[in-house]
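Subject: Structure handover

Hello,

Here is the structure I said I would pass on. My notes on it follow below.

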Amino acid sequence: MRSVLKLEIEEAKVMIAAGIEAAEEARAAETICIVDDGGYLVALERMNGARNTSPELAMAKAFTASGHRRSTHLFNQPGGPATIHGEAFGIHAMMPGKFAIFVGGFPIVVNGQVIGGVGVSGGAGEEDIAVGVATLKALQRHLGEGFEVLTDADIKK
């Protein structure tokens, strides 16, 4: 038996606030989504001016990152699992509307456990990455030294 960490609304609010701040600095209108370890919505915020499609995309990115325990952009890198010869080629077709294999999704990994996912949609790829990393760094600051949060863009658990 092991103890399990659970992501709660307080942490999600801290993460979204940091994401909005990073998006504002980048002048990007983003939607930021936080899901739990099952891929279920904890919190979502769509900034003024964000695209109408960005909430659904952010949710799919967060779901994918949480469920598959990797940053979503890693699926399509050369040799990645969703490329034509990868072991997960076509996986997005198996879960239409829920599985995203492009930039903007990050698993939330605390003390080695995937406890959820972050999805960011609305900016250019590099802006989505910067906002996602900002949310993870904010969680690390919020939790303090007793916890280790992975804060790199390229996360694979």
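Helices (H or I, at least four residues) and strands (E, at least two) are DSSP runs, numbered from the N terminus.

On sources: this is a predicted model, in which local features need pLDDT of at least 70 and side-chain atom pairs count only at pLDDT 80 or more, while totals for chains, interfaces and linings use all residues. Residues are numbered from 1 along each chain as its sequence is written, and side-chain values use heavy atoms, with hydrogens and water left out.

Helix α1 covers residues 9–26, and its 18 residues should span 26 Å at 1.5 Å a residue, which agrees with the 25 Å between its end C-alpha atoms. The expected span here is 1.5 Å times one less than the number of residues. Among the buried residues of α1 are E11, M15, I16 and I20. Buried means under 20% relative accessible area, exposed over 50%, and partly exposed in between (1.4 Å probe, protein chains only). The buried residues of α1 pack against β1 (31–36), β2 (41–46), β3 (105–110), β4 (113–121) and α4 (125–143).

E11 is buried but has no salt bridge, and the nearest side chain of opposite charge, K13, is 11 Å away. A salt bridge is a side-chain nitrogen of Lys or Arg within 4 Å of a carboxyl oxygen of Asp or Glu; Lys and Arg count as positive and Asp and Glu as negative, with His and the chain ends not counted. The side chain of E11 does reach the backbone nitrogen of E8, at 2.9 Å. Leaving aside residues up to four places away in sequence, E11 touches L139, H142 and L143; contact means heavy atoms within 4.5 Å.

In strand β1, 5 of the 6 residues are buried. β1 pairs with β2 in the antiparallel sense over 5 bridges, and V35 has L41 as its bridge partner in β2. Two strands pair if DSSP finds at least two bridges between them. The hairpin of β1 and β2 has 4 residues between the strands, and G39 there takes a positive phi near 85 degrees. β1 is also joined to β4 by 6 bridges, again antiparallel, with D36 opposite G116 in β4.

Last, L136 lies in helix α4 and counts as buried because its relative accessibility is 0%. L136 touches residues including M15, F106, V118 and I155, not counting those up to four places away in sequence.

Regards

How values were computed
Polar contact = N/O pair within 3.5 Å; in protein donor to acceptor, adjacent residues only side chain to side chain.
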